Amino acid sequence: MDFVTLYGIELDRELASADRTQRFTTTRRKAAVNAAQREWNERTECLQSQTSLALVSGTQEYDFEATLSTFIRLAKQGISIEITVTATAATRYLEGDDLRVISVERLNVEESGWRSASAGTPRYVYTRLVGGTYYLGFYPKPSIPSTETWAALVPAVILTTDLSADAGVPFTSASNAIVSLVPFHRALAHYAAFDLEKLRKDS
């Protein structure tokens with residue numbers, strides 16, 4: 001279902017009104033559909049991206065939002081470290097029970113002195129927010145042999161791009177629409193109508 005259908009005939013049906021110029025203006029309709037798309041993504045985590053973050057030997061924390069500007073939060077599936085042997089391109093992965101997400105609070109209790117620990121093979125991933133910077137950290141900090149390259153594969157929930165063109169399709173990233181969500185496009189009109197109905201309060 002495209003954008004013009006959602007803010008047009010679908011909202012006409014939901015609102016029982018074809019008004020485009022008075023209370024339910026086209027601008028308000030479009031804004032409500034885009035707000036609905038953002039809300040759906042926030043609740044379902046349907047729009048995700050996997051980012052490859054190059055790890056540096058001895059570096060514990062990385063400014064992740066500088067790497068992925070559309071970042072909302074980490075996805076639930078977990079982070080992996082891809083280890084590649086430079087000479088042969090052979091790869092192996094550190095993930096699952098071998099690389100667990102942990103809070104800074106738990107590290108403080110369970111791993112005393114963790115910030116100054118020697119580099120090694122990371123066992124934990126943590127996040128830390130300082131001011132406007134979202135840090136992704138590894139404990140212990142990685143010790144990367146000169147014969148290997150390491151990259152963290154980070155799945156994240158990302159921001160939706162607001163629809164603007166009439167032919168635009170919801171939940172599209174990098175020109176790829178999520179086909180499995182097509183049956184749920186009408187849900188955006190339901191939510192948008194709920195938002196727009198508040199404009200009737202003085203009628």
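The count of salt bridges comes to 16, a salt bridge being a side-chain nitrogen of Lys or Arg within 4 Å of a carboxyl oxygen of Asp or Glu. The model is predicted: local features need pLDDT of at least 70, side-chain atom pairs count only at pLDDT 80 or more, and totals for chains, interfaces and linings use all residues. Residues are numbered from 1 along each chain as its sequence is written, and side-chain values use heavy atoms, with hydrogens and water left out.

**Stop 1: helix 1**

Select E10 and R13. Their side chains form a salt bridge, 2.9 Å from N to O. Both sit in helix 1 (residues 3–15), three residues apart, so about one helical turn separates them. Helices here are DSSP runs of H or I, at least four residues, numbered from the N terminus. E10 is buried at 6% relative accessibility. R13 is partly exposed at 49%. Buried means under 20% relative accessible area, exposed over 50%, and partly exposed in between (1.4 Å probe, protein chains only).

**Stop 2: across to helix 5**

Now select E14 and R186. Their closest N and O atoms are 3.9 Å apart, in a salt bridge. R186 belongs to helix 5 (residues 186–196) and E14 to helix 1, so this pair ties together parts 172 residues apart in sequence. R186 is partly exposed, at 35%. E14 is partly exposed too, at 26%.

Show both pairs together. E10, R13, E14 and R186 are linked in a network of salt bridges.

**Stop 3: D97 and R100**

Move to R100. Its salt-bridge partner is D97, with the closest N and O atoms 3.5 Å apart. R100 is partly exposed at 44% relative accessibility. D97 is exposed at 63%.

How values were computed. Helices (H or I, at least four residues) and strands (E, at least two) are DSSP runs, numbered from the N terminus.
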